[in-house]
Amino acid sequence: MSQAPSSLQRGLILAATACLSLGIPTAGAQQTLSDKSSATESATFLLVPVGARAVGMAGAVVASTNQWESVFWNPAGIGSMEGGAAYFMHSNDFGSDSNILGLILKLDRFRLGAAFYAFDLGSLQATDDAGAVLGTLDVGNRALILTGAAPVLAWLDVGANAKLVQFGANCSGGCGNVDFTSTAFLFDLGAVAVLPSLPALSIGLALTNAGAGMDLNGSGVTDPPPTRLRLGGDFDVLNGFDRHRSQDADLDLTVAADFQETWSEFDDLQVFVGTEFGFRKILYVRGGYAWAGEGRRGASLGLGLDFKRFRLNLGRTFDDFSTFDSDEPFQFSFGFDF
């Protein structure tokens with residue numbers, strides 16, 4: 001049976017979740033967060049970048065279309081998919097291990113999806129303020145995501161996510177035996193527009209992680225979710241400047257830029273830029289740069305391979321956390337369309 005954590009145990013659990021979910025290295029010591037809003041937010045693991053294509057483009061993907069990774073950035077992005085898809089994504093990022101398994105179905109005009117997201121921090125050594133070892137702290141986060149998207153106009157797709165998010169912590173040893181969980185219901189809303197007068201340009205808008213907060217430490221106080229508003233554009237450069245260009249041309253070049261604000265503050269503008277170079281719609285080389293907080297500022301690179309119905313993507317960041325430990329931050333995505 002779950003046991004309510006003591007005040008000391010609450011402090012250990014809160015320190016681990018608030019800091020490590022954001023990529024701040026601590027297992028009990030206090031740290032200064034680079035983004036002030038994050039000090040009181042819950043479910044901050046949802047801010048960790050996921051998806052190898054998205055990471056390769058430094059997160060500049062809110063206006064991307066026909067991509068199953070859009071589920072985690074702007075659910076409207078799957079509204080233009082020609083069929084269904086099944087996918088798996090894995091990443092190791094700042095000592096965490098993330099795995100995502102998802103499915104998207106096409107039902108007439110609608111795209112419906114479901115994904116399971118597991119974000120594990122593993123076993124941490126719990127210490128007090130003096131550095132004495134108290135026990136072992138196991139921290140994990142889970143999210144079940146249901147997605148719906150559809151075109152509402154010839155040039156406009158909309159989408160939404162419903163998320164059931166769970167945080168769990170188990171502390172054993174000198175800190176006592178604790179099995180603590182907390183849940184929250186969150187949602188995302190998004191839209192992608194492709195104007196008929198300029199079909200090479202798509203514009204995306206997404207509100208993510210909105211809804212009720214979560215009690216992270218058993219105190220009865222609810223911390224708000226990490227709600228973000230993101231606006232961006234995606235421009236097909238070669239087709240944009242030559243409307244008579246063949247759709248079977250060997251080369252493709254896309255540039256994208258996103259702008260993000262914290263919903264509760266609107267005082268921490270973050271900018272993400274990315275580019276994707278494609279050869280024969282088979283091989284893709286990606287790169288980008290993020291001017292972001294919470295240790296996420298830096299460059300990124302990625303590779304993609306689309307062969308018939310199969311898609312394979314690799315991504316690598318070079319941000320402030322990329323050399324924290326021996327595990328290099330790495331993203332892997334694999335899926336197939338049907």
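1. For the classification of linings below, Ala, Val, Leu, Ile, Met, Phe, Trp, Tyr, Cys and Pro count as nonpolar, Asp, Glu, Lys and Arg as charged, and the others, Gly among them, as polar. The model is predicted: local features need pLDDT of at least 70, side-chain atom pairs count only at pLDDT 80 or more, and totals for chains, interfaces and linings use all residues. Residues are numbered from 1 along each chain as its sequence is written, and side-chain values use heavy atoms, with hydrogens and water left out.

2. Five cavities of 30 Å³ or more are found in a search of the whole structure. A cavity is a set of points, on a 1 Å grid over the protein atoms alone, where a 1.4 Å probe fits but cannot get out; lining residues have an atom within 4 Å of a point. The largest cavity has a volume of about 600 Å³. It is lined by 34 residues, and Leu47, Val48, Pro49, Trp73 and Arg230 are the closest to its centre. Two or more lining residues come from each of α2 (52-56), β7, β8, β10, β12 and β13. By class, the lining of the largest cavity holds 18 nonpolar, nine polar and seven charged residues.

3. The largest pocket has a volume of about 1,400 Å³, a pocket being an open set with protein on both sides within 12 Å along at least five of seven lines. Of its 44 lining residues, Thr65, Asn66, Gln67, Asp236 and Lys281 are the closest to the centre. Elements giving two or more residues to this lining include β4 (133-153), β5 (156-173) and β6 (178-194). The lining of the largest pocket comprises 14 nonpolar, 13 polar and 17 charged residues.

4. A nonpolar surface patch with about 900 Å² of accessible area together includes Leu251, Phe277, Phe279 and Phe330. Patch members have over 30% relative accessible area and no salt bridge, with nonpolar side chains (Val, Leu, Ile, Met, Phe, Trp, Tyr) joined within 5 Å; a salt bridge is a side-chain nitrogen of Lys or Arg within 4 Å of a carboxyl oxygen of Asp or Glu. The largest share, three residues, comes from β12. Phe279 belongs to strand β10 and is partly exposed, at 38% relative accessible area (buried is under 20%, exposed over 50%, partly exposed in between; 1.4 Å probe, protein chains only).

5. Phe185, in strand β6, counts as exposed at 61% relative accessibility. Phe185 and Gly213 are 28 residues apart in sequence, with a C-alpha to C-alpha distance of 8.0 Å.

Key
Patches are made of residues with over 30% relative accessible area and no salt bridge: like charges are joined within 9 Å, nonpolar side chains (Val, Leu, Ile, Met, Phe, Trp, Tyr) within 5 Å. Accessible areas come from the Shrake-Rupley method with a 1.4 Å probe; for residues, only the protein chains shown count as cover. Helices (H or I, at least four residues) and strands (E, at least two) are DSSP runs, numbered from the N terminus. Grid points are joined across faces, edges and corners, and a volume is the space filled by probe spheres set on the points.
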